[in-house]
Amino acid sequence: MIQLKVDTSYLEGFVSREDILAFEKEVFRHRGVLEQKTGPGNDYLGWMGLPGEVGKAELAAVKEAALRLQGVCDTLVVIGIGGSYLGARAIIEALQDPLLRHRTGFPEVVYAGHHLSEDYHHALLRWLGTREVALVVISKSGTTTEPAVAFRFLKEYVEKRYGKAGARERIVAVTDHSRGALRKLASEEGYTTFVIPDDVGGRYSVLSPVGLLPIAAAGWDVDALVQGARSMADALHVATTLEGHPAGWYAAARQALYRRGKAIEVLVNYEPALGYLSEWWKQLYGESEGKQQRGIFPASVSFTTDLHSMGQYLQDGLRVLFESVISIENPRASLLVPHDPEDADGLNFLAGLRLSDVNAKAELGTLLAHVDGGVPNLRIVLPRVDEQVLGELVYFFEMGCAISGYMLEVNPFDQPGVEDYKRNMFALLGKPGFEVQREALLKRLG
Ligand code: PA5
């Protein structure tokens with residue numbers, strides 16, 4: 001039984017139930033194409049099997065490596081970028097204590113190689129001196145500049161501090177089974193390694209060791225995460241109606257909105273811990289859909305914080321937006337608003353209420369205001385935030401994205417556009433093989 005629900009009742013007036021149902025046949029056609037692997041990008045559909053048999057064999061090895069890492073460090077640096085880091089960060093940040101920044105008794109996870117900031121990496125290297133350190137370096141290609149540069153610094157740091165043998169105990173690599181510089185290095189150095197399957201693209205890899213190893217090392221229940229994803233995968237596989245297929249329903253609703261000029265989707269949360277889930281979602285949808293001058297632009301906000309900044313635009317700006325609100329029914333903690341005998345702030349009418357009740361009313365009030373302001377809202381309702389439910393959510397978004405991409409008639413599994421900046425960067429940095437581009441760029445820059 002899946003627990004996630006999609007509520008499109010607040011789309012009425014913009015998009016009707018019938019408008020969504022009109023896509024029923026198309027959604028099931030795309031499901032068939034995905035399951036039979038006959039569509040564009042069909043060599044990148046390994047993610048569909050990760051919650052099932054494909055992932056099972058890996059899970060025990062992942063948990064064993066996680067246990068070993070937990071034994072040698074209090075700080076785990078996860079080195080990766082894009083799909084090689086966002087999924088793990090999304091799940092870990094959704095679950096961890098927001099201020100302690102780790103699960104009690106388990107390592108803190110920090111991140112590197114997801115940008116090229118000298119100040120950040122300098123500060124990280126200095127701070128690690130006060131910690132017991134281990135590294136998980138993740139790169140499918142094994143050649144991505146940002147993580148490769150960060151790993152140079154961190155490998156050198158760990159080797160200096162713990163020696164070559166100590167480094168071998170503290171470094172795990174997740175990469176291609178045979179290709180790439182990281183695979184070669186890992187084999188030469190004798191690191192423990194995990195494989196990113198050939199048929200799993202970066203942004204669809206959270207249920208492979210790419211996501212599972214850091215999540216397990218941080219102390220979270222990867223069995224429950226995979227189980228949640230499996231429940232969703234099973235439900236989507238057997239669904240016979242669009243209403244029984246939440247990912248297809250979501251994809252169809254998005255498509256109906258897009259065709260009515262709503263080209264920007266804003267993912268909304270009312271729990272700051274879900275900020276990186278939005279970052280993961282943005283990569284998934286942005287990189288999968290944004291091609292051939294098509295696609296819904298994925299944006300995100302955290303409310304009520306951003307109601308005091310972006311709220312004005314959402315209420316009153318250009319009407320090209322719709323919102324998808326992640327609505328959490330039950331928070332983990334309980335906190336009652338205190339009574340104040342002075343009542344100087346006039347808030348005693350809230351005394352005795354749970355803070356989550358206040359948050360829920362802010363959510364409903366905002367949703368109604370935005371709908372009145374011309375912004376269609378759909379809700380993705382979760383009973384709570386835990387591993388099982390997050391697993392459902394991950395697979396729901398992945399399948400929704402794959403179907404959505406096919407509805408847009410793009411290949412949702414490639415990312416040709418991300419190569420252009422790399423070409424320019426390599427040319428400007430003087431990488432061998434980029435001489436022609438370098439000359440052209442230098443001429444252009446005068
Ligand atoms: O989704 C993708 O394919 C990308 O975001 C990649 O994950 C990202 O560019 C990192 O690539 P790699 O794992 O090869 O270092």
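Let me start with serine 404, which is found in helix H14, helices here being DSSP runs of H or I with at least four residues, numbered from the N terminus. This is a predicted model, in which local features need pLDDT of at least 70 and side-chain atom pairs count only at pLDDT 80 or more, while totals for chains, interfaces and linings use all residues. Residues are numbered from 1 along each chain as its sequence is written, and side-chain values use heavy atoms, with hydrogens and water left out.

Serine 404 counts as buried because its relative accessibility is 0%, buried meaning under 20% relative accessible area with a 1.4 Å probe and protein chains only. Leaving aside residues up to four places away in sequence, serine 404 touches Ala251, Arg254, Gln255 and Glu289, where contact means heavy atoms within 4.5 Å.

Glu289 brings us to helix H11, residues 275–289, whose axis comes within 9 Å of that of H14 and crosses it at roughly 20°; the axes are lines fitted to C-alpha atoms over the stretch in contact, with angles running from 0 to 180 degrees between N-to-C directions. That makes H11 roughly parallel to H14, the term covering angles under 35 degrees. Among the residues that meet across this pair are Trp280 and Trp281 in H11, and Phe397 and Ser404 in H14.

Turning to the core, Trp47, Leu213, Phe396 and Phe397 touch the most other members of the largest nonpolar core, which has 96 residues, such a core being a set of buried Ala, Val, Leu, Ile, Met, Phe, Trp, Tyr and Cys residues joined through side-chain atoms within 4.5 Å. Helix H14, residues 387–407, gives the most to this core, with 13 residues.

Terms used: Buried means under 20% relative accessible area, exposed over 50%, partly exposed in between (1.4 Å probe, protein chains only). Helices (H or I, at least four residues) and strands (E, at least two) are DSSP runs, numbered from the N terminus. Angles under 35 degrees count as roughly parallel, over 145 as roughly antiparallel, 65 to 115 as roughly perpendicular and the rest as oblique.
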